[in-house]
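Here are some exercises to work through with the model open beside you. Try each task yourself before you read its solution.

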Amino acid sequence: MSKKEIIVSNVSKGHQNPIAELVQVACQFDSNITLVKDDCKINAKSIMGIMAFNPSKGMNVRIVTEGNDEKEALLAMEKFLVCE
């Protein structure tokens, strides 16, 4: 299991459809990917979950990945959410 706390940047500025694009990034990996804020935990591969979670600028989020490609998944999710 890999975990990392990040602060979300302005993802809507760098992407036309950030929610769908975030789910597409997550779906590239076999690992389970969870986004956590306070008591809210969502599956990053669920478009409905991401819509309800609504990652927005300044939000403090923990990315949790678990699986055979967890390190790569964590890095990809972090790059997307901090707009690198």
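**Exercise 1. Is Cys27 buried, partly exposed or exposed, and what is its relative accessible area?**

Step 1. Start with the ground rules. This is a predicted model, in which local features need pLDDT of at least 70 and side-chain atom pairs count only at pLDDT 80 or more, while totals for chains, interfaces and linings use all residues. Residues are numbered from 1 along each chain as its sequence is written, and side-chain values use heavy atoms, with hydrogens and water left out.

Step 2. Recall the classes: buried means under 20% relative accessible area, exposed means over 50%, and partly exposed lies in between (1.4 Å probe, protein chains only).

Step 3. Cys27 has a relative accessible area of 46%, so this residue is partly exposed. Cys40, at 36%, is partly exposed too.

**Exercise 2. Find how many disulfides there are, and explain the count.**

Step 1. A disulfide is a covalent bond between the sulfur atoms of two cysteines. The test applied here is a pair of cysteine sulfur atoms within 2.5 Å.

Step 2. Look at Cys27: the closest cysteine sulfur belongs to Cys40 and is 18 Å away, so the two are too far apart for a bond.

Step 3. The count is therefore zero disulfides.

**Exercise 3. Find the salt bridges and say which parts of the chain they link.**

Step 1. Side chains of opposite charge can pair when their charged atoms come close. A salt bridge needs a side-chain nitrogen of Lys or Arg within 4 Å of a carboxyl oxygen of Asp or Glu.

Step 2. Take Glu78 and Lys4, whose closest N and O atoms are 2.9 Å apart. Glu78 sits in helix α4 (residues 70–81) and Lys4 in strand β1 (residues 2–7), so this pair links distant parts of the chain, 74 residues apart. Helices (H or I, at least four residues) and strands (E, at least two) are DSSP runs, numbered from the N terminus. Glu78 is buried at 15% relative accessible area, whereas Lys4 is partly exposed at 35%.

Step 3. Next, Glu5 and Arg62 form a salt bridge with an N to O distance of 3.1 Å. Glu5 is in strand β1 and Arg62 in strand β4 (residues 60–66), so the pair ties together parts 57 residues apart in sequence. Both are partly exposed, Glu5 at 47% and Arg62 at 29%.

Step 4. Lys37 and Asp38 also meet in a salt bridge, at 3.0 Å from N to O. Lys37 is partly exposed at 28%, but Asp38 is exposed at 65%.

**Exercise 4. Which residues have the most contacts inside the largest nonpolar core?**

Step 1. A nonpolar core is a set of buried Ala, Val, Leu, Ile, Met, Phe, Trp, Tyr and Cys residues joined through side-chain atoms within 4.5 Å.

Step 2. The largest one has 23 residues, and those with the most contacts inside it are Ile33, Leu35, Ile63, Met77 and Leu81.

Step 3. Sort them by element: α2 (18–27), β2 (32–37), α3 (47–53), β4 and α4 each give two or more residues. Helix α4 supplies the largest share, five residues.

Step 4. Now follow Leu35. Leaving aside neighbours within four places in sequence, the residues in contact with Leu35 (heavy atoms within 4.5 Å) include Leu22, Ile50, Phe53, Ile63, Met77 and Leu81.
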